[in-house]
Amino acid sequence: MGHVIGIDLGTTYSCIAHLAGDHPRVIPSLEGFPTTPSIVSFTRGGETLIGDLALRQAIANPENTLFAVKRLIGRKFNSEEVQNARARLPYKLIEAPNGDVLIEVGSQQITPQEVSAMILGYLKKCAESYLGEEVRDVVITVPAHFGDHQRQATKDAAAIAGLNVMRVINEPTAASVAYGLNRKQNGNIAVFDMGGGTFDITMLEIGGGVFHVLATNGDSYLGGEDFDQRVLDWLLEDFRKDHKADLSGDKLAIQRIKEAAERAKRELSFTQETEINLPFISASSGGSKHLRKVLSRSILENLTADLVEKAFPLVERTLEESKLKPDQIDDVILVGGQTRMPLIYKSVSEFFRKKPNDKINPDECVALGAAIQSGILSGELNEIVLLLDVTSLALGIETEKGGYERIIEKNTTTPTKKTKAFTTVENNQRQVKIHVLQGDAPRAAENVSLATFDLVGLMPAHAGIPQIDVTFEINADGLVKVTAKDVLSGKEQKISVHPSSGLSRPQINVLIQKEREKRAKEITRGKR
Ligand code: AMP
């Protein structure tokens, strides 16, 4: 087997790592940076730019620069997450015929999976250039609270990019592996993970090479971008007051302010005050206008205090589900760039009554953990490490009158399976429909529909006579599989599956072929 790499495909930045001997190492991007912006841009000249190059021209081309696509992947157009994103993103989102999200760029419509595949393809290229050999096998990370659709869509994106996903692991679990590998101590740890788009909190017990996730929770709408938005809104409001002008409809100005807001936010993690200076932010018959404003750390903290607070009820719930008290946590790991904010550090320290571990690089530890896992799977690493992760969402089925019966409970260690017996309710019924959902809400409609499974071709019999055992399985990647067996004949029961979302196998094959041809062309061009 060739080199296996670990990929942290982040909302705002991505990072890749590999195992060098017994140690994981970050692989730099082609531009020489440890992380790569998760951005794809389509230029007016017909070029596709990825990573730092895409970021650099985002200001000049906001409608065709796609960022934060991870917020859209595997989600329904009508979901709250997508509708929230739609209000903020400068590029256009439309509804796909199956209710998924499509991104409209010029005259073309592309899926979030394809955009993520472009980023993954670029990361593959970085790894190949660095390692000097083709890379195919990867371990890829996802937020712990990602459901089946988001996990499957991420896997599909990797397949389109020509990658074989050996394992999908949860980001906080990967971070804990990077943390725990060289420290042979036992104990309970909390992973507080706030990146660009999402927040995850996970409690684990580590001991004797076993990483046992006790409980995990997350918020797919709490991350660095929400902090940037607060600064952006504050600047717009101020500009409105000072200049009697509204910049909110000016995409170019918004993009410039958004970048400046994010930069200022980062600087304020290290200084008390920073100046935001954007000359010629707008021009009208009345002349050019400039945006100039001093932002202090305390103003930033006032603007965003509620966002920081929003994380803690989830932390409390996760502790409760783990049957732990804050003082039973031996170490706290901060993951994700947003945790560099001093207010987060302070709030986490106060909550757990201890300083978080500061020996871990929050931008790199997830990719490093994925690289360690890749070494375990490929047999390169001799350490004995066992990952016992959990499912962050319950799995269940729709019952009468829109009810919901949970079959696999949230926080169950994966892989896991549960079997339930089904029968018919009418004489000579030939088919039984099972609607599988994911989530913790009491009603079916409030959970995410995964698919309907029809048990077809049942033998004619009186109602209640056929007995079909249906097995619901969540594998180590957190993906759901349903199989069925006819108890009387002992034979596998036929199922026809109607997924509620995602790309079909033939669609994925077409996209894989398209990407393959594109890469082959690039190689031929490169050889000339
Ligand atoms: P990640 O997804 O882990 O790469 O995190 C990216 C997020 O972290 C972005 O929203 C960044 O603005 C934010 N971030 C990065 N560095 C800092 C910093 N020094 N202070 C505050 N936020 C930061």
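Analyst: The model is predicted, so local features need pLDDT of at least 70 and side-chain atom pairs count only at pLDDT 80 or more, while totals for chains, interfaces and linings use all residues. Residues are numbered from 1 along each chain as its sequence is written, and side-chain values use heavy atoms, with hydrogens and water left out.

The assignment gives domain 1 (4–222 + 311–388), domain 2 (224–302) and domain 3 (395–497), with bounds that come from an automatic or database domain assignment. Domain 1 and domain 2 each supply at least three residues to the shell around the ligand, and the C-alpha centres of domain 2 and domain 3 are 52 Å apart.

In that shell, 14 residues surround the ligand, and the closest are Glu262, Lys265, Ser269, Gly337 and Gln338; a residue is counted as near if one of its heavy atoms lies within 4 Å of the molecule. Helix H7 (residues 251–267) gives the most to the shell, with 3 residues, where helices are DSSP runs (H or I, at least four residues) numbered from the N terminus. By residue class, the shell divides into 2 nonpolar, 8 polar and 4 charged, with Gly counted among the polar residues.

Several polar contacts (pairs of N or O atoms within 3.5 Å) can be described. The side chain of Glu262 places an N or O atom 2.5 Å from an oxygen atom of the ligand, and a polar side-chain atom of Ser269 is 2.6 Å from a ligand nitrogen atom. Gly337 takes part through its backbone, a polar atom of which is 3.0 Å from an oxygen atom of the ligand. Of the 510 Å² of accessible area that the ligand has on its own, the protein covers 91%, as given by the Shrake-Rupley method with a 1.4 Å probe.

How values were computed
A polar contact is a pair of N or O atoms within 3.5 Å; within protein, one must be able to donate a hydrogen and the other to accept it, and residues adjacent in sequence count only if both atoms are side-chain atoms. Helices (H or I, at least four residues) and strands (E, at least two) are DSSP runs, numbered from the N terminus.
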